[in-house]
Amino acid sequence: MSASLINGPMSESLLGVLETLPNPSIVGDACPRRTKVELDLMLLAIEAIESGSSEHILELAKELNLDEIIKNRIVLWRMRSTNPMRRAHTRRILSIKEAKALSAIGCRLASRLAVPIRQLLLAQQQLSIKQIPPEYNFQLSEYLDRFRAHFRSRMNPRRAKVSIYQDDDKLNELAVSLLSKLLFCTGTLGTQRLWMSLFDGEVK
């Protein structure tokens, strides 16, 4: 790992987590816009699946020895507020090592939620085939309701990228697409697959 990506001493275990993810071919240490948006929306979807996920992020940061990067709730909020779609958007950069930490934690949470994620996607597929609204499946409807509430309370409606989701159906489509991206993060090498997609192309 390039020394320019490391500010101050880090534990060997922390370096191990970060070194599993290659440095992207970008200039400088600031993540591009899409990386910041994708990571924040992924965590937003996780929060809609399981309440208390913000606490779980901090717990996992300690478990994975990433609490040198994600030290507390305020630091986490500042990192996620680098998403330009947010109401509380800040011009603070999201560094490569911070993005690696969020990716590792997000994928670990997604793996823990693999069963409900698959259940939600299966329900959506079955309802779509039968042309039945999502309200007819309690779990899917609850997930979509929570995601829409989280998105609208945290994202700035005056942003062009946010205004396109004023319609419930459009926001539901985003919520379902994020479930597919979360499933992409589970399993062997899930974190590496997500990490490469954040810079090399959309998550499929």
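The buried residues of helix α10 pack against α2 (33-49), α5 (96-112) and α9 (168-184). Helix α10 itself covers residues 190-200, and its buried residues are Gly190, Thr191, Leu194, Trp195, Ser197, Leu198 and Phe199. Here, buried means under 20% relative accessible area, exposed means over 50%, and partly exposed lies in between (1.4 Å probe, protein chains only). Helices (H or I, at least four residues) and strands (E, at least two) are DSSP runs, numbered from the N terminus.

The model is predicted: local features need pLDDT of at least 70, side-chain atom pairs count only at pLDDT 80 or more, and totals for chains, interfaces and linings use all residues. Residues are numbered from 1 along each chain as its sequence is written, and side-chain values use heavy atoms, with hydrogens and water left out.

The protein has 10 helices and 0 strands. Of its 204 residues, 47% are buried. Contact means heavy atoms within 4.5 Å. Among contacts with a separation of 6 or more, 69% join residues 24 or more positions apart. The accessible surface comes to about 10,500 Å², and carbon and sulfur atoms hold 52% of that surface. Accessible areas come from the Shrake-Rupley method with a 1.4 Å probe; for residues, only the protein chains shown count as cover.

The loop between α4 (73-80) and α5 holds asparagine 83. Asparagine 83 counts as buried, because its relative accessibility is 0%. Residues up to four places away in sequence aside, asparagine 83 touches Lys36, Val37, Asp40, His89 and Met155.

Arginine 86 lies in the loop between α4 and α5. This arginine is buried, with a relative accessible area of 7%. Neighbours within four places in sequence aside, arginine 86 contacts Asp40, Arg80, Ser81, Arg154, Met155 and Asn156. A network of salt bridges links Arg86 with Asp40, Glu47, Arg80 and Arg154. A salt bridge is a side-chain nitrogen of Lys or Arg within 4 Å of a carboxyl oxygen of Asp or Glu. By this rule, the count comes to 13 salt bridges.

Arginine 73 pairs with glutamate 55, and the closest N and O atoms are 1.8 Å apart. Arginine 73 is partly exposed at 45% relative accessible area, and glutamate 55 is partly exposed at 36%.

Glutamate 63 forms a salt bridge with arginine 108, with the closest N and O atoms 3.5 Å apart.

Serine 141 is buried, with a relative accessible area of 15%. Neighbours within four places in sequence aside, serine 141 is in contact with Pro134 and Glu135. Glutamate 135 lies in the loop between α6 (114-129) and α7. It is exposed, with a relative accessible area of 53%.

Glu135 forms a negative surface patch with Asp167, Asp169 and Glu173. A positive surface patch is formed by Arg33, Arg87, Arg91, Arg158, Arg159 and Lys161. Patches are made of residues with over 30% relative accessible area and no salt bridge; like charges are joined within 9 Å, and nonpolar side chains (Val, Leu, Ile, Met, Phe, Trp, Tyr) within 5 Å. Lys and Arg count as positive and Asp and Glu as negative, while His and the chain ends are not counted. The place of a charge is taken as NZ of Lys, CZ of Arg, CG of Asp or CD of Glu.
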